[in-house]
Amino acid sequence: MKTYDIIIIGSGPGGYAAALRASKEGKRTAVVEDRQLGGTCLHRGCIPSKTMLQHAEILQQVETAAEWGVQTGDISFSYPQMLRRKEKVVTQLESGIKGLMKNGNIDVIQGRGRVNDKKEVMIETENGAQQLQAASVIAATGTTPLVPPVKGLKETAHFTSDSIFEKKELPASLLIVGGGIVGVEYACLFASLHVDVTIIEMKDEILVEEDADAAAVLRRSLEKLGVTIETKAALEEIQSAENGLVTAAYTDRGGTKLEIAADEVLVTAGRKPNTSALAQTSVQYDNGFVRVNENMETNVPGIYTIGDLASGGWKLAHAASAEGVTAVEHICGLKPSMHTALIPRCIYTFPEIAAVGMTEKQAEASGCHYKTETIPFQGSGKAMAMGESEGFTKIIAEQKHGEILGVVMVGPHVTEMIGEPAAYMHLEGTVEELASMVHPHPTLLENLYEAANAWLGKGIHH
Amino acid sequence: MAKEIFMPKLSSTMETGTILQWMKKEGDPVEMGEPVFEVMSDKINIEVEAYEEGVLLKKYYDVDDVVPVNTIVGYIGEEEEEVPETAPEEPAPEETSQEEEPKEYADTVPATADANGQIRATPAARRVAKENGVLLSDMEGSGPKQRIHQQDVYDYVQAAGEKPKATPLARKRAEEQNLDLNTVEGSGPGSKIYAKDLTGSGQKTTGAEPGRIPVKGIRKIVADRMAESASTVPHVTLYSEVDMTEAIRLRSQLQDKIVEETGYKLSYTEIMMKAVAEALKRHPYLNASLSADQQEILLHKEINVGLAVATEQGLVVPVVPRAGEKGLTALVQASKQLAENARNQRLQPEQMQGGTFTISNLGMYAVDGFTPIINQPEAAILGVGQMKETPAEENGNVVFRPKTTFSLSFDHRIVDGAPAAAFLSDVKQLIEAPYELLM
């Protein structure tokens, strides 16, 4: 039986980062993957959607530019071509990971892996079963889109984020079930591509896990794009209609029973963990996710779980990567180098939303004395020049020392900009240090600087 | 002709004095016998009086300056008289002043104030230290006899400026918690201290602010001397149980007579002192000290026994001189008066000097034995515990005897275990059969 120091099941951003780190530490490492290297993030998540959103954003800009004096004649776009470019980006990144695995002498084994408590890994490959022995196993099998138990939904043809780009032409109308992060991103994408989009969300508001002010800005922007948003709506039944449409019956927040018809349904109502790889182990679970300690180790010594599959933590690609590194460092007996408690969160909508640390709600729940300062982008010269002055920067900071508890940003490029407040928080700079660092003008980040100064009561413009 | 004012040498061990305050400003008239400035030595603080009449023409040092003994600190003379702008650098040779100085300043009164101990440093080093608000006692001198030079102070200030690496938040929290970051282990890159590293370190706040008492005056002296003794002297403590039956009898027989003669009661302390003095005569190595350069053992001719006395201000050790030559009456007289003076803060500096052995009696408390710290540069110290009825064997029967535990700490550099044990055995025997003291 072939033996490895570390076998990693799943090659998403958690798994492949762990593999690369393990190889750098000189560990004999294997990755077991039953689909393609890169996992959900690269093939069915972050990268495809960001590529397509980039296309949509350019289309929006070109449309806006006409009003600014940039004439292009008739604007048209090809959805299939956009999909092909997206494919190209994905393929290129995938071959990049393949190269990294090769350079790191990491064995990539194609097949579905399962592990037992003895850390024997059984793999069903095309050429039959194979068994490997590992000293440590990292399960990084991620999650799969969840299809909620709505009457008729299972029987009706529908898409999830896994499959939405398999359809090669744009629908005229799209019903999105679930107004969370994934739902609003796809709503932005398709609405920008002139699809008639409706979001049905059972909770009070879209993006309920994020800052309420941010959700409100996004809601206005989505509605401006023509998206219909039904929140606190109960979806009763979904069925196929004879004209090839899908109809959905729901009760809106006022209690009125309504029905809408759409060409397609996209279900973005959460994800469920893929636990089959651990079925033969005695690992413990919390609400279906694998229970781990701060080193990402399960109750079975030597078996680790990272990323979406692990309980707690943010279900985000970069969180998974950091957790993967943490697990490998623990296996190698190294000091943990990742500060996994501080994970920035990015939503690639128009405008973008980015946040790090506590939300205002969490700050309130923590019982600490905090103060917030919100500076809108409306006064920002750069944002106005860009024609994107929607949004704001909000600083949530503890009152005594100005410890930055959380920052929420809504606006153009904020997913890039969140790195600055995250760095301050990571290095434990307080509002004072943030306020005393001169920021270049004109930039969008001046907004953060202004918010910090205003928080201290010495804002120049606010 | 203007007359110099010197930093007085108040004791044989005094090398520097700290100026606590000036009673006179430059230009003030000064009468003979008027206090001019107050100084703190390693043992006590006193007001230095003028022995000239005239005007205070010049003062070269400020409050808190540490000045070597026999250094000119100022001038008294006629108005408008010319005196040097800066203090003469080197102190006058010790030999010339040693004999007359104590006489000149004998007329001093103790006061309470701040101290800085005895430190060799150049005036420039002192000035720089003062400018930077750093203590000379915190640094090491690179000069001859560890004298601190200006560069040493600069080096120290620079090193002190290199604060431990810490995040801004960690600094703010540490300041709030009054936590010294030097005591915190950082978990970050290059041991940088993060806020989370503060928890569990040092004195965490419990919400209530601790009471704060500055370590100065006698407290500072006790702190410095005890720390120095405990850290430099290899202490060994021997214990012995002493039967007090005969000492009790002796005391009751002599009590009335001594009260009549001195007005003071005879305490066991004096009986013990008598026994210790007698034993020291037989064991000169216990009545000894190490020379300053640690090259010689000095066997003292006189037996001067110090008595540790607790006062409100802290521990002081007045010395009963020539205890070996005194009878019990004289010992009672001397030790009672010294203890009284100590409690009333009226001890003269010389009354705390010249000790060759110390007795620390905690017998009035529920203490049996302890490990007394040697009063440097002495060779040993005797700790006395409470007297209590203790079962003992007598002709095959168990009887109860009043017994006290003696704890003898000795400096193992000066004396070894066996001779120290022999000394303690003799002390025990002299107290158990005190009539030997009459021999």
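Between which two elements of chain A is the loop where Leu207(A) is found? Leu207(A) sits in the loop between β10 (196-200) and α6 (212-224) of chain A. Helices (H or I, at least four residues) and strands (E, at least two) are DSSP runs, numbered from the N terminus.

A word on the model: it is predicted, with local features needing pLDDT of at least 70, side-chain atom pairs counting only at pLDDT 80 or more, and totals for chains, interfaces and linings using all residues. Residues are numbered from 1 along each chain as its sequence is written, while chains are lettered from A and ligands numbered from 1 in the order in which they are written.

| Residue | Phi | Loop |
|---|---|---|
| Leu207(A) | about 50 degrees | β10 (196-200) to α6 (212-224) of chain A |

Leu207(A) counts as buried because it has 22 C-beta neighbours inside 10 Å; the cut-off for buried is 20 or more other C-beta atoms within 10 Å, with C-beta atoms placed from the backbone. Asn70(B) is buried too, with 21 other C-beta atoms within 10 Å.

Now for the cis peptide bonds. The bond from Phe350(A) to Pro351(A) is cis, with omega near 0 degrees, and Pro351(A) belongs to the loop between β20 (345-347) and β21 (352-357) of chain A. In chain B, the bond from Gln376(B) to Pro377(B) is cis, with omega near 5 degrees. Pro377(B) lies in the loop between β17 (357-361) and β18 (380-394) of chain B.

Notes: A residue is buried if 20 or more other C-beta atoms lie within 10 Å of its own, exposed if 12 or fewer, and partly exposed in between; C-beta atoms are placed from the backbone.
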